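Here is a short briefing on a protein model. It covers ring pairs, salt bridges and a pocket.

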Amino acid sequence: MFKILSEEIPYQSNSEMLFECLRDLPEAIWLDSGKPRSLQGRYDIISACPEAIVETKGKQSCIYRGNRHTETQQDCFEIAADLLTAIQPIEQPKNTPFVCGLLGYFGYDIGRESQSVNSDKPLATELPDVRIGLYLWSLVIDHELRKNMLYFHPNCPLDIQDNIRARLNKVCTNTKTNFMLQDLFKPTVNKEQYKAAINRVKNYISAGDCYQVNYAQHLCAPFKGDLWQAYKILRNANPAPYSAFWQWRDQAILSLSPERFIQAYPQDGQIKAQTKPIKGTVLRGKTVEEDQENAIRLSNSDKDRAENLMIVDLLRNDLGKTCVAGSIRVPKLFDLESFPNVHHLVSTVTGELKADCSPLNLLEGCFPGGSITGAPKKRSMEIIDELEPIQRSVYCGSIGYLCASNQMDTNIAIRTVIADNSTLHCWGGGGIVADSDADSEFEESMNKIRLILQTLEATLD
C-alpha cells in the first residue's frame with residue numbers, strides 16, 4: 001500500500017492564479033469546475049510533470065517516459081490499466097476525487113473499433129485519438145469545503161515536489177500575453193448542406209434504421225498568440241462544471257463542457273457509477289420573465305423529453321455491460337440545469353460496478369457517449385460518419401481523470417475548442433429525431449456554441 005503525502009495550502013476561490021503558477025511546467029493540465037462563476041461543480045484538479053505520456057493514433061500507441069519512448073499495438077485501455085497498476089494500491093484521503101493517476105482524454109474516434117465503424121473521412125486535426133498522462137501528484141481545490149490540498153505519491157521525485165511547493169508559495173500574477181483570432185469562424189458545410197444532412201437523417205429514421213442521430217457541424221478559424229489567454233476569457237464568459245485546459249507543443253484542448261459522461265466512486269464498500277446525459281436545449285431569455293418561459297417550455301417539450309429518454313435507455317444498456325444486474329436506477333429524469341447561455345434537460349443514471357470490473361472497463365463499455373451518437377449507437381455512428389465531412393477528433397470524446405484509488409470522472413467533450421498548429425476547431429451538434437425541423441436544429445446547434453464563437457471573435461486582430 002503506497003502512503004500518500006498530503007499538505008494543505010491557503011484556499012483560493014478562483015483557481016486561475018494557482019494554475020498560472022504552474023502552467024509553464026511540462027504537460028500542465030487543469031480540470032476546471034468553472035468556479036466561482038459556475039452554478040455546478042465542486043473540485044478543480046491541477047497537475048504537471050507526468051511520469052509517462054501515452055499517445056494513440058489508430059491501433060498504434062507511443063509511450064513516452066522522459067527522453068525514451070516505446071511503440072506498441074497494445075489496446076489503449078490496457079495500457080492505461082497497466083500504468084495505474086504500477087502505482088497501486090494507494091491510501092485515498094477522504095473528500096478527494098483525485099490524488100494521482102491518469103489525466104487526459106479519449107477522443108471520439110477511438111470508439112470506432114468497439115462499434116466496428118470504420119472511416120475514410122479526412123482528419124479534422126492531427127491530435128492523437130487518445131492522449132493520457134500518468135501524474136504522480138495533484139493540487140485539488142475543494143470549493144465546498146474551501147480547502148486546497150497538495151497530494152504526492154511516494155514515487156513522485158523530490159525535485160518535482162520541491163518545485164511545486166516553491167511555485168505555490170510565491171505570489172503569482174496574471175501574465176500579460178496576447179491572443180487574437182485572425183478571421184471569423186468558417187463552417188465546413190453551409191446551412192443548406194446542413195439542412196440536407198438533417199433531412200437524410202430523418203429519412204433513415206423513417207426507414208427504421210435508427211431512432212435518433214446526433215449530427216454536428218464543424219467550424220474553424222486561424223489564430224495567433226497565447227491559448228491560455230483564450231481559455232481565461234472563455235471560462236469567464238461561459239463557466240462550466242466539466243471544463244479543462246491542456247496544452248502541449250502546438251496543440252491544446254480548451255473545453256467548456258457542461259456534461260458529465262461517466263463517474264465512478266466508492267460508496268458502502270462498492271464502486272458506484274453515474275452518468276448524466278444532456279438532451280434538450282433552449283436559449284436563456286433576455287429578461288427574467290422570458291428566461292422562465294423558455295425554461296418551462298423546455299421542461300414541457302414532448303420532443304426534448306423523448307430525445308432525452310432515448311439516450312437514458314441507451315445508457316442504461318451501456319451501464320449494464322459492467323454493472324450488477326438490477327442495480328441500475330434513474331434517480332433524476334428531465335432535470336432542468338441552467339448555464340450562462342442555455343437551459344438543458346439533464347437526466348441521471350446510476351449503477352453499481354460488478355466486482356470483476358474496473359472504472360476503465362466501465363468507461364470502455366460506454367464509449368463513445370450515447371448522448372453524442374444516438375440510438376442505436378452503432379447505426380447512428382455509421383450515419384454520422386456518412387454525413388459529417390470530417391472525423392471528430394477529441395470532440396464528443398471524453399476528458400477527465402482516473403485515480404489510482406479507482407475513482408473516475410470524465411466529461412463529454414462538447415463546447416470544446418481544439419487548437420492544432422495555428423487553427424482553432426469547434427463543433428456544435430444536436431440530437432435529430434423524427435419530428436426535428438432542419439431550421440430549428442441548425443439554430444440550436446449554433447446556440448450551443450455561439451457564446452464561445454462570439455467571445456473568441458471579439459479578439460479579432
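Rings of Phe, Tyr and Trp (its six-membered ring) count as a pair if their centres lie within 6.5 Å; planes under 30 degrees apart are stacked, over 60 edge-to-face, and the rest tilted. By this rule the structure has 20 aromatic pairs. The model is predicted: local features need pLDDT of at least 70, side-chain atom pairs count only at pLDDT 80 or more, and totals for chains, interfaces and linings use all residues. Residues are numbered from 1 along each chain as its sequence is written, and side-chain values use heavy atoms, with hydrogens and water left out.

**Aromatic rings**

- Phe 106 and Phe 367 have ring centres 6.4 Å apart and planes at 65°, so this pair is edge-to-face.
- The pair links distant parts of the chain, 261 residues apart: Phe 106 is in strand 7, and Phe 367 is in the loop between helix 9 and strand 21. Helices (H or I, at least four residues) and strands (E, at least two) are DSSP runs, numbered from the N terminus.
- Both Phe 106 and Phe 367 are buried. Buried means under 20% relative accessible area, exposed over 50%, and partly exposed in between (1.4 Å probe, protein chains only).
- Tyr 231 and Phe 245 form a tilted pair, with 5.2 Å from centre to centre and 35° between the planes.
- Tyr 231 sits in helix 6 and Phe 245 in strand 14, 14 residues apart. Both are buried.
- Tyr 231 and Phe 245 also belong to a cluster of ring pairs with Phe 19, Trp 30 and Trp 228.

**Salt bridges**

- The whole structure holds 39 salt bridges. Each is a side-chain nitrogen of Lys or Arg within 4 Å of a carboxyl oxygen of Asp or Glu.
- Glu 55 meets Arg 131 in one of them, at 2.7 Å from N to O. Glu 55 lies in strand 4 and Arg 131 in strand 8, 76 residues apart.
- Glu 55 is buried, at 11% relative accessible area. Arg 131 is buried too, at 1%.
- Glu 55 also forms a salt bridge with Arg 249, where the closest N and O atoms are 3.0 Å apart. Here 194 residues separate the partners, and Arg 249 is in the loop between strand 14 and strand 15.
- Arg 249 is exposed, with a relative accessible area of 59%.
- Asp 183 and Lys 186 form a salt bridge too, with their closest N and O atoms 3.2 Å apart. Asp 183 is partly exposed at 34%, and Lys 186 is partly exposed at 42%.
- A network of salt bridges links Glu 20, Arg 23, Asp 226 and Lys 232.

**Charges over rings**

- A charge sits over a ring if NZ of Lys or CZ of Arg is within 6 Å of the ring centre and within 35 degrees of the ring normal.
- Arg 131 lies over the face of Trp 246, at 5.0 Å from the ring centre.
- Arg 392 lies over the face of Tyr 108, at 4.7 Å from the ring centre.

**The largest pocket**

- A pocket is an open set of points on a 1 Å grid over the protein atoms alone, where a 1.4 Å probe fits, with protein on both sides within 12 Å along at least five of seven lines; lining residues have an atom within 4 Å of a point.
- The largest pocket has 37 lining residues, and nearest its centre lie Tyr 43, Arg 260, Gln 263, Tyr 401 and Asp 409.
- Strand 16 gives the largest share of the lining, five residues.
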